[in-house]
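Please read them with the structure open.

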Amino acid sequence: MAVIAIAPCQKLHDYEESVRRAGGEPWVLDTSTDRPEEAIRAAGGLLLAGGGDVRPEIYGAAPHPSYHAAEPGRDEYEIELIKRALDAGLPLFAICRGIQILNVAYGGTLVQDIPSEMAGALEHKLDVPPNEPFTIAHEVWLEKDSLLARLASDADNDGDSRQVNSRHHQAVKTLGGGLVAVATAPDGVIEAVEDPTRRFCLGVQWHPENFYRTGEFRSLFEGFVRACKI
Ligand code: MN
């Protein structure tokens, strides 16, 4: 069974459950004892989860007043995990904050606060219980011929668009070198990226893990786990 390393975060349950239901075995890393190079050597894939904001200094910006720091040391720990995973050719799935730190690790930048930086943007930070079944925030348009569109198409979905939840105030701004945008909200906010040169390197801005009970995005986790080393 593929062991999926998960960088620790505060709401682990749904990530772990999504991995399990896709046939993988979650391994929540301990940042004080699991060094990134050893974790990547032992894992079959890397999952990056949600959390606070990436420190703007890392991508060369001054902090916006809304900046909400992540756990101390988390930015550096996750960037090291990403670099090691890419070096090792390990599949990588990044969610919410995950897509943001992935983009920064690739040299990209972030919109620090959507409401104050993108006039006319949709509401992307819905204040709803995350586990309410299928609470929809907005649509995303999928890029044809992307890994995401292939995984997201099924009997009920043609792979052109999907309804997603949304609990973020930041987003990808300038894409890191090598990443392409593969899902976009109708207001232009980038909602998913991938590195097409990799077997599986995908980031999504919404929270597919919250749907583990009803399975709307199980195919994303299944595709990820399938790509991972046993
Ligand atoms: Mn959104």
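1. This is a predicted model. The side chains of glutamate 80 and arginine 84 form a salt bridge, with an N to O distance of 2.9 Å. Both residues belong to helix H3 and are four residues apart, about one turn of the helix.

2. Helix H1 holds a pair of this kind. Arginine 20 and glutamate 17 make a salt bridge at 3.2 Å, N to O. They lie three residues apart in helix H1, about one turn of the helix. Arginine 20 is partly exposed at a relative accessible area of 44%, whereas glutamate 17 has 17%. Because the cut-off for buried is under 20%, glutamate 17 counts as buried.

3. A further salt bridge joins arginine 97 to glutamate 78, and their closest N and O atoms are 2.9 Å apart. Arginine 97 sits in helix H4 and glutamate 78 in helix H3 (residues 74-88), so this pair ties together parts that are 19 residues apart in sequence. Arginine 97 is buried, with a relative accessible area of 0%. Glutamate 78 is buried as well, also at 0% relative accessibility.

4. Which residues are linked with Glu78 and Arg97 in a network of salt bridges? The network also takes in Arg55, Glu71, Arg74, Asp75 and Glu76. For the structure as a whole, the count of salt bridges is 14.

5. Nine of its nine residues are buried, so helix H4 is largely enclosed by the rest of the structure. Among these buried residues are Arg97, Gln100 and Asn103, along with Ile99, Ile101, Leu102 and Val104. Just after H4, glycine 107 has a positive phi of about 95°.

6. Which protein atoms are the donors of the manganese ion? They are ND1 of His124, NE2 of His138, OG of Ser166, NE2 of His168 and OE of Glu191, at 2.2 to 2.3 Å from the ion. Along the chain, the donors follow the spacing H-x13-H-x27-S-x1-H-x22-E. Histidine 124 is in the loop between helix H5 (114-117) and strand S6 (138-142), and histidine 168 is in the loop between strand S7 (161-164) and strand S8 (171-172), so the pair ties together parts that are 44 residues apart in sequence. Histidine 124 is buried, with 2% relative accessibility. Histidine 168 is buried at 3%.

7. The last point concerns the largest pocket, which holds about 680 Å³ of space. Its lining has 30 residues, of which Lys11, Gly50, Gly51, Gly52 and Arg167 are the closest to the pocket's centre. Helix H1 (13-21) and helix H4 (97-105) each contribute at least two residues to this lining. How does the lining of the largest pocket divide by class? There are 13 polar, 10 charged and seven nonpolar residues.

Technical notes: Residues are numbered from 1 along each chain as its sequence is written. This is a predicted model: local features need pLDDT of at least 70, side-chain atom pairs count only at pLDDT 80 or more; totals for chains, interfaces and linings use all residues. Side-chain values use heavy atoms; hydrogens and water are left out. On a 1 Å grid over the protein atoms alone, a cavity is a set of points where a 1.4 Å probe fits but cannot get out, and a pocket is an open set with protein on both sides within 12 Å along at least five of seven lines; lining residues have an atom within 4 Å of a point. Grid points are joined across faces, edges and corners, and a volume is the space filled by probe spheres set on the points. Ala, Val, Leu, Ile, Met, Phe, Trp, Tyr, Cys and Pro count as nonpolar, Asp, Glu, Lys and Arg as charged, and the others, Gly among them, as polar. Buried means under 20% relative accessible area, exposed over 50%, partly exposed in between (1.4 Å probe, protein chains only). Donors are N, O and S atoms within 2.8 Å of the metal (3.2 Å for Na, K and Ca); water is not among the atoms, so sites may look incomplete. A salt bridge is a side-chain nitrogen of Lys or Arg within 4 Å of a carboxyl oxygen of Asp or Glu.
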